[in-house]
Amino acid sequence: MSLTYLEAIREAQAHALRDDPRVFIYGQDVGAFGGAFKATKNLAQEYPGRVLDSPISEDAMVGLAVGAAIEGMRPIIEMQFADFSTVGFNQIVNQAATLFWRTNVPCPITVRLPFGGTSGSGPFHSQCIEAIYAHYPGLIVLTPATVEDAYAMLLEAVALDDPVIFCEHKFLYYHLKADELPSEALPVGKARISREGRDLTVVTYSAMVHEALEAARELSGEGWEIEVVDLRSVKPLDTDTVVASVARTGKLLCVGESWPWGGVTAEIISRVTGEGFGLLDAPPQRLNAKDTPVPYHPNLWAAHRPTARSVASAARNLLRS
Amino acid sequence: MLQTVLDASPRTDAAAAQDVHVAAYRFMLLARLLDDKFAALYRAGKIHGGVFLGRGQEALSVSVGISLKKGDVFAPLIRDAAGRLAFGETVLDAVRTYLGSSLGPMRGRDGNVHRGKPQEGYLPMVSHLGAMISVVNGVLFARRYKKISGTVGAACVGEGATSTGAFHEALNQAGVEKLPLILIVANNQYAYSTPTHFQFACDSLADKAAGYGVEVQTVDGTDLGACLKVVGEAVARARRGGGPQLVVAELLRLCGHGEHDPNDYIDPKLWESPLGRDCLKVAEEYLLRQKWMAPSRVAILRNEIIREIEEAVAQVQREPAPDPFVEQWHSIATGHLNEGNEER
């Protein structure tokens, strides 16, 4: 048996629907059609009345989820693309994210954001906006990089009593495969060492984990051993694992597909310099997408985001410094 | 809540109408005098942040609160003191929120009109207008999912909120899902300082209902009897399965946006127009004319209410303020996943 990242997301939702009657899915085209990416394929047929089409109203979709959560449900909201979640931004950051703090009533909703760039998708179907959600208190922001994590973390997201922004990378949907679904997993909030190394730490998440691993393989041929830390969850952020890795390697490169101003990579560098300045043998570096909207043409797109080649190049500069 | 009033005294229709009017008037008076107290405390510097009054909107607001039953859902807005009290909020919880008592429902984390108890169907508003409507939809959606029938949800907004995307999305959503939502629009002629001709271009806000496949009624918001009837019927229709209901009330905000607002932009002609009538005075005159209350009873009632409010304020002023060293500073329910605290 072989399973893609996208199929793992579909299976996690089937599992959640099967095990918990409080779970329902609400989003555009998620019903009989099975979703724009088929992440809810056949679920409406298998779970009648629990996988429901919504109007094109991201604000009202999230508002409805918050009301349902108050009433004890565990809604999963599918945004067709992460980019469109900005239309529901107000309900996410002001309603869902503040409810528990204001009232002590938890808000267990999961908002699925198909995010990140794929060739040809252009400025409005490619965005990485995890940092914007992570900025607001009251939200958990997850960024699985593997098929196993996509499955296990989505299940945990639905089980958590808090609003979860589940960033599932569209670039990983089809080509990333696993042999079977995991029976156990690291809990939310823990980072993973995806590859061990002694010379430099690359901290990254989601699709960039795979670019970093490829860069590490390339550098291994040149005699450098790169440690790759997969954050898995950008909020909460597992600072301990990152700092421990930097303690071993002395060098830090943070890689993110999102825009360079602020964001996750800046946050990591801030934390590592604050908590472990003495561990660093060289100024910490970061590599992000360029500060423009995400371009459409493959030539431009490939140069806009970090790739294995640009990660390796940045790592070499840091290793030689 | 109407049911509470009626259950207490099963009598003839006429007597029931009298009971409802008297009960509604009492909540209106309580809301007005409570608002007056908050305004006084604000001027005395005893309240942090703003004070937002419902002066002129009590008849409409109380009609919503009194038409709902226990188990229904209510999302009031800033000028709904009367509706909140009629829905079951205590004077104590209102005062605790305005004075920031740690014993209040918001524990000093939010204040003034931003209060509620979601677990009791009383939803605490966020400031973003129109945003509460889809949350009410969500509670009703979940009830239908759980096969709970017979409950409804009401949300209150002003005419300003009808210009938001959230209003459109939520009313359309309620129409598509045929939810038992009652959406009350108080057209109080000004959204802060903006007059209606800068807010909408249709003849009446009731025109909007057709676009959403929603039933609509308009009502004179200064007339308690009319409000009780129109809002009560809309609630009953929604409860019977008639789908979402829009009620548009015409009235005038008889105060500033908040107590910081001198309110000098209101067209003086509006004060003299029928919209400018004080609904509390209109209701009181009606009760006296019907001989449903004696003038002496009104005076006694007023004194009773003032005493209740003063006692609540005195009690809350002795209650502990929130303590930043005791505050947990947790923004999420899953304790160990909160950032920046020692449990991690």
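Here is a short chat about reading strands and aromatic rings in a predicted model.

Biologist: Let's start with chain B. In which sense do strand 6 and strand 7 of chain B pair?

Modeller: In general, side chains in a regular strand alternate between the two faces of the sheet. Here, strand 6 (residues 215–220) and strand 7 (residues 245–250) of chain B run in the parallel sense, paired over six bridges.

Biologist: On to the rings. How many aromatic pairs are there over all chains?

Modeller: The count is 17. Take A:F37 and A:F81: their planes are at 65°, and over 60 counts as edge-to-face, so that's what this pair is, with ring centres 5.1 Å apart. The two are 44 residues apart, A:F37 in the loop between strand 2 and helix 2 of chain A, A:F81 in the loop between strand 4 and helix 4. Both A:F37 and A:F81 are buried. They also belong to one aromatic cluster, with A:Y5, A:F84, A:Y173 and A:Y174.

Biologist: Why is the pair A:F89 and A:Y136 edge-to-face?

Modeller: Because their planes are at 85°; the centres are 5.5 Å apart. A:F89 is partly exposed at 22% relative accessibility, and A:Y136 is partly exposed at 27%.

Biologist: Which ring does A:K38 lie over?

Modeller: The face of A:F33, at 3.6 Å from the ring centre. Likewise, A:R305 lies over the face of A:F171, at 4.9 Å from that ring's centre.

Notes
Residues are numbered from 1 along each chain as its sequence is written. Chains are lettered from A and ligands numbered from 1 in the order in which they are written. This is a predicted model: local features need pLDDT of at least 70, side-chain atom pairs count only at pLDDT 80 or more; totals for chains, interfaces and linings use all residues. Side-chain values use heavy atoms; hydrogens and water are left out. Two strands pair if DSSP finds at least two bridges between them. Helices (H or I, at least four residues) and strands (E, at least two) are DSSP runs, numbered from the N terminus. Rings of Phe, Tyr and Trp (its six-membered ring) pair if their centres lie within 6.5 Å; planes under 30 degrees apart count as stacked, over 60 as edge-to-face and the rest as tilted. Buried means under 20% relative accessible area, exposed over 50%, partly exposed in between (1.4 Å probe, protein chains only). A charge sits over a ring if NZ of Lys or CZ of Arg is within 6 Å of the ring centre and within 35 degrees of the ring normal.
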